[in-house]
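Here's a quick briefing to read alongside the model.

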Amino acid sequence: MNERTPVAISSDSYFFEKDKSNSILVMGVGNYLMGDEGVGVHIIQEMSKIELPEYVDILDGGTGGFLLLNCFEAYKTIIFVDATMDGKPAGTISLIRPKFASDFPSALSVHDVGLKDMIEAVYLMEHIPDIHLFTVSIEELNPMTIDLNDSVRAAIPEIIQQILSHSEALQLKKV
């Protein structure tokens, strides 16, 4: 099976090369160099190794902030994957249906400031995508490491399964 490389975007035109209105974008965000805080990026990397449904696109959003706004114009449904320090045990998976930027988990690092600002900008756009947010609870930030806590790493296969099941349910609603 060919590995599906996460997309690194340097041009807005990528999102408009084909109609993505029937696709679901799964975007992992976080700082890969901050340990558990980068779990969203780790999840996208793992998803790139499996066969995904044709309607699922994956994107390593990293700490992109406003640079990711063009995604919201191209996709009608976006699933974010991010870390959160919500006081739950490390590795706890949650699904949130954020309606406002304030519904996103509290900031972990500078990427969340950009993410919340970007989400606020999205709500000013003419067409607002259907946004879903999967979070993985973490307990601490570890600067300058790509290693994940054992509990966080162990949650990756389960969150991928939940993302795929949720994506399938969302796709079936469209049909």
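In what order do the elements of the protein chain run from the N terminus on? The order is β-α-β-α-β-β-α-β-α, with helices (DSSP runs of H or I, at least four residues) and strands (E, at least two) numbered from the N terminus. That gives four helices and five strands in the protein chain.

A bit of housekeeping: this is a predicted model, where local features need pLDDT of at least 70, side-chain atom pairs count only at pLDDT 80 or more, and totals for chains, interfaces and linings use all residues. Residues are numbered from 1 along each chain as its sequence is written, and side-chain values use heavy atoms, leaving out hydrogens and water.

**Confidence**
- The protein chain averages a pLDDT (the predictor's confidence in each residue, from 0 to 100) of 85, and 83% of the residues score at least 70.
- Confidence is highest in α4, at 97, and lowest in helix α3 (residues 110-122), at a mean of 66.

**The chain overall**
- Of the 175 residues in the protein chain, 49% count as buried (under 20% relative accessible area with a 1.4 Å probe, protein chains only; exposed is over 50% and partly exposed is in between).
- Accessible surface, by the Shrake-Rupley method with a 1.4 Å probe, comes to about 8700 Å² for the protein chain, and 53% of that belongs to carbon and sulfur atoms.
- Among contacts (heavy atoms within 4.5 Å) with a separation of 6 or more, 81% join residues 24 or more positions apart.

**Helix α1**
- Seven of the nine residues of α1 (residues 39-47) are buried: Val39, Gly40, Val41, His42, Ile43, Ile44 and Met47.
- Those buried residues pack against β1 (24-29), β2 (56-62), β3 (77-84), β5 (130-137) and α4 (150-174).

**α1 against α4**
- The axes (lines fitted to C-alpha atoms over the stretch in contact, with angles from 0 to 180 degrees between N-to-C directions) of α1 and α4 come within 10 Å and cross at roughly 65 degrees.
- On the α1 side, Val39, His42, Ile43, Glu46 and Met47 meet Val152, Ile156, Ile159, Ile160, Ile163 and Leu164 in α4.

**Ile119**
- Ile119 lies in helix α3, and counts as buried because its relative accessibility is 0%.
- Leaving aside neighbours within four places in sequence, Ile119 is in contact with Phe72, Phe80, Ala101, Phe104 and Ile131.
- Gly65 is 54 residues from Ile119 in sequence, and their C-alpha atoms are 9.0 Å apart.
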